[in-house]
Amino acid sequence: MKIALIGYGKMGKMIEQIAKDRGHEIVSIIDINNQQDFDSPAFASADVAIEFTAPQAAYGNYLKAWEHGVKVVSGSTGWMKEHGDEVKARCTEGGQTLFWASNFSVGVAIFQAVNRYLAKIMNGFPQYDVCMQETHHIHKLDAPSGTAITLAEEIVDNIDRKKDWKRGVTVWTNDGHEDEGDPTTADDLIINSVRDGEVPGIHTVMYDSEADMITIEHDAHSRKGFALGAVLAAEYTQKHNGLLTTSDLFKF
Ligand SMILES: NC(=O)C1=CN([C@@H]2O[C@H](COP(=O)(O)OP(=O)(O)OC[C@H]3O[C@@H](n4cnc5c(N)ncnc54)[C@H](OP(=O)(O)O)[C@@H]3O)[C@@H](O)[C@H]2O)C=CC1
Ligand SMILES: O=C(O)C1=N[C@H](C(=O)O)C[C@H](O)C1
């Protein structure tokens, strides 16, 4: 396939390597300093663009890629609240293609399935309260992480006593700085965030009672799993259109 990269940071560089190893051609690389390349014949020749940039940049990048008739795979997080409805409409009614996932690793797809199953069970055991923690590197711009929000939405959908998720405390371990988070009630599922060194991503769901605690955790050893998932998603868009996500790709 001919692949364009939008965003050439930690993920963009790793995706480039994996895409080449799988026999794909990188025809264009767009970063913050060469936005004019969206208008190049090389970009328009791509079968798909893989976009990993930043919360404020992602939505504009989708529009530019679609303008040039290029499908998009994106893992950028933190844009959904502001632009989620419009993006959904453009894909479901407007004919565009976006494969988006808050986390592209097969491990997290499996973890999500376990999370949903456990939440269904725990709905019947009100003596357990549930909370979450996500830990990432200090460069991350958004909190909570996109993955934590996806997991929290699945818990809220399955546990009647939880009505919504809220931001708990965000702690920066390197400088000891702390943000307070949102005001919360017992109806809220709290997601605490930790920003520590170069951690690729840890997501933990905890069910705590007076007697004991049940914990499930996904711990990414590196960004390789995310990057491979994004390339597999790009391959998937060759034969599929519309709004796609990892549950379309990883079927189990
Ligand atoms: N879904 C998933 O599986 C995963 C999602 N992510 C998400 O992906 C995003 C990127 O992560 P990561 O690669 O680690 O971040 P990096 O900061 O390492 O890379 C982002 C790159 O995008 C560039 N950029 C910023 N704005 C634009 C723009 N308007 N157009 C083109 N390029 C731009 C940045 O340039 P500059 O540095 O000059 O600003 C930087 O080079 C984040 O939102 C993160 O949460 C990350 C890992 C996995
Ligand atoms: O910014 C990151 O690094 C990551 N972002 C995604 C998220 O917000 O969930 C996925 C992964 O956890 C790494």
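Predicted model: local features only at pLDDT ≥ 70, side-chain atom pairs only at ≥ 80, totals over all residues.

The points below treat the sheets, the aromatic pairs, the ligand surroundings and a few single residues.

1. The parallel sheet. Six strands make up an open sheet with parallel pairing, in the order β2-β1-β3-β4-β5-β12. Its edges are formed by β2 (25-30) and β12 (243-244), each of which pairs on one side only. Within this sheet, β4 and β5 are joined in the parallel sense over three bridges. V72 stands opposite L98 of β5.

2. The mixed sheet. Another open sheet of six strands runs in the order β8-β7-β9-β6-β10-β11, and here the pairing is mixed. The edge strands are β8 (178-179) and β11 (213-219), each pairing on one side only. Strand β7 (residues 164-172) meets β8 in the antiparallel sense over two bridges. In that region V171 is found opposite E178 of β8.

3. Aromatic pairs around W79. Rings are paired if their centres lie within 6.5 Å, and by this rule the count comes to seven aromatic pairs. In one of them, Y62 and W79 have ring centres 5.2 Å apart and planes at 85°; because an angle over 60 degrees counts as edge-to-face, the pair is assigned to that class. The pair links distant parts of the chain, since Y62 belongs to helix α3 (residues 58-67) and W79 to the loop between β4 (71-74) and α4 (80-92), 17 residues apart. Y62 and W79 are both buried.

4. The W79 and W100 pair. W79 also pairs with W100: the ring centres are 5.6 Å apart and the planes stand at 80°, so this pair is edge-to-face. Here too distant parts of the chain are linked, from W79 in the loop between β4 and α4 to W100 in strand β5 (residues 98-100), 21 residues apart. Which relative accessible areas place these tryptophans in the buried class? Buried means under 20%; W79 has 2% and is therefore buried, and W100 has 14% and is therefore buried.

5. Other ring contacts. F52, F99, F104 and Y236 form one aromatic cluster. K13 lies over the face of Y8, 5.1 Å from the ring centre.

6. Surroundings of ligand 1. Ligand 1 has 22 residues around it, of which K10, M11, Q35, T77 and F104 come nearest. F104 is also a member of the aromatic cluster with F52, F99 and Y236. A backbone N or O atom of M11 lies 2.9 Å from an oxygen atom of the ligand. For I32, a backbone N or O atom is 3.5 Å from a nitrogen atom of ligand 1. The side chain of T77 places an N or O atom 2.7 Å from a ligand oxygen atom. On its own, ligand 1 has 920 Å² of accessible area, and the protein covers 76% of this.

7. T147. Is T147 buried or exposed? Its relative accessibility is 6%, so T147 counts as buried. T147 is located in helix α6 (residues 146-158). Its side chain reaches the backbone oxygen of S102 at 3.3 Å.

Terms used. Residues numbered from 1 in each chain as written. Chains lettered and ligands numbered in written order. Heavy atoms only, no water. Phe/Tyr/Trp six-rings, centres within 6.5 Å; stacked < 30°, edge-to-face > 60°. Helix = DSSP H or I, 4+ residues; strand = E, 2+ residues; numbered from the N terminus. Buried < 20%, exposed > 50% of the residue type's maximum accessible area, 1.4 Å probe, protein only. Lys NZ or Arg CZ within 6 Å of the ring centre and 35° of its normal. Pairing = 2+ DSSP bridges. Near = heavy atom within 4 Å. Polar contact = N/O pair within 3.5 Å; in protein donor to acceptor, adjacent residues only side chain to side chain. Areas by Shrake-Rupley, 256 points an atom, 1.4 Å probe, with all protein chains shown as cover.
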